[in-house]
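Welcome! Please take a moment to look over the sequence and the 3D view, then read on for a short tour.

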Amino acid sequence: MSTPAVPRADLLDVELPKSLWSRSGRPLQGRLSRGLFASTLLLVGLALPWPQIGLSMAAAGVVGFVLWPWIVDAIVQRKESSIRAATKDDAQRRLEQFDKGVLVSAFAADAWVTLQRGRLFLALGDGRSAAQSFADTARIVRDPKLPAMLSAQARALMLAGDRAGARTHLMELAEANELGPRDRLDLGVVMLDEAARADQARAHLEAAHEALDGHPQACAALAVSLARADETDRAMELLTRAEAEVGDADVFGNELVKRARKALRPAREAAKKKKKRHKG
């Protein structure tokens, strides 16, 4: 499985092994070009009166036919680093230019194309479109329950504000024992809206906070849970850390920070009043 050199600070990384997407279908134009290239070399080679040259050309046709997808995949993978690093400011431009090149539109694996579109939609902040692209990717590789794509769809739906849709995917991951740290964070956030699951929400958020090394999103979400349990001292410490470390481009993280501020507003106001009384 390929991984980005620098993980995204907003936890929007989506991973899918090449072994899965490279086996998906290819555009008809590319398949015809591949077959024409190989058959031309093969037929010309067999027709030549010079055995050594003819056999070499025929062999080149066969080898070219076999290696064609591997060569295309190696080239398109070079585009991934810039796609992974896309921001909201340049994601729309990248989407518009994405499949204008012949290499992508005619030769790239179908699952690779939908995967990249999903990544760009996530960077753009279009959670609905991202979730659909990841669902298409899972369908193309013929595994609708693929954990990596369920996780990606869940995060996309969280960004879109569809907690119910995200919950469905997250519970499928939980039942399959495939919850990753980001999934635990998302599931914990979903369960914060369910009073009966407060303990479960906290357990998921504590696990996510530890596994993600105190990521600002995890700090803010856990602060909300702790505030509701009247553990305000630790909650305010986590919120302070989240406020200091969350990036301006981290939409989900900033939403969680706002939510934690709201949950801790009474405690902060009480602390200010207490401080004033001591001064007086």
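**Helices 10 and 11**

R163, R167, L170, M171 and L173 in helix 10 meet D183, D186, L187, V189, V190 and M191 in helix 11, where contact means heavy atoms within 4.5 Å. Helices (H or I, at least four residues) are DSSP runs numbered from the N terminus, as are strands (E, at least two). Please keep in mind that this is a predicted model, in which local features need pLDDT of at least 70 and side-chain atom pairs count only at pLDDT 80 or more, while totals for chains, interfaces and linings use all residues. Residues are numbered from 1 along each chain as its sequence is written, and side-chain values use heavy atoms, with hydrogens and water left out.

**How this pair packs**

- Two packed helices are described by the angle between their axes and the distance between the axes.
- Helix 10 (residues 163-175) and helix 11 (residues 181-191) pack at an angle of about 130°, and their axes are 10 Å apart; axes are lines fitted to C-alpha atoms, for helices over the stretch in contact, and angles run from 0 to 180 degrees between N-to-C directions.
- That makes helix 10 oblique to helix 11 (angles under 35 degrees count as roughly parallel, over 145 as roughly antiparallel, 65 to 115 as roughly perpendicular and the rest as oblique).
- The crossing of helix 10 and helix 11 is left-handed, meaning that the near helix is turned anticlockwise from the far one by less than a right angle; clockwise would be right-handed.
- H169 also lies in helix 10, and it is buried, with a relative accessible area of 16% (buried means under 20% relative accessible area, exposed over 50%, partly exposed in between, with a 1.4 Å probe and protein chains only).
- Leaving aside neighbours within four places in sequence, H169 is in contact with L150, Q153, A154 and L157.

**Helices 12 and 13**

- Helix 12 (residues 198-211) and helix 13 (residues 216-228) pack at about 150°, with axes 9 Å apart.
- These two, helix 12 and helix 13, are therefore roughly antiparallel to each other.
- Helix 12 and helix 13 make a left-handed crossing.
- On the helix 12 side, R202, L205, E206, A208 and H209 meet A218, C219, A221, L222, S225 and L226 of helix 13.

- Helix 8 (residues 127-140) has 14 residues, and its buried residues are G127, A130, A131, S133, F134, T137 and A138.
- They cover an arc of only 160° around the axis, which puts them on the same side of helix 8; the arc is that of the directions from the helix axis to the C-beta atoms.
- Helix 7 (110-124) and helix 9 (147-159) are among what covers the buried residues of helix 8.

- Most residues other than glycine have a negative phi, and most peptide bonds are trans.
- R142 has a positive phi of about 60° although it is not a glycine, and R142 lies in the loop between helix 8 and helix 9.
- At 78% relative accessibility, R142 counts as exposed.
- D230, not a glycine either, has a positive phi of about 65° and lies in the loop between helix 13 and helix 14 (232-245).
- D230 is exposed too, with a relative accessible area of 66%.

Methods:
The expected span of a helix is 1.5 Å times one less than its number of residues.
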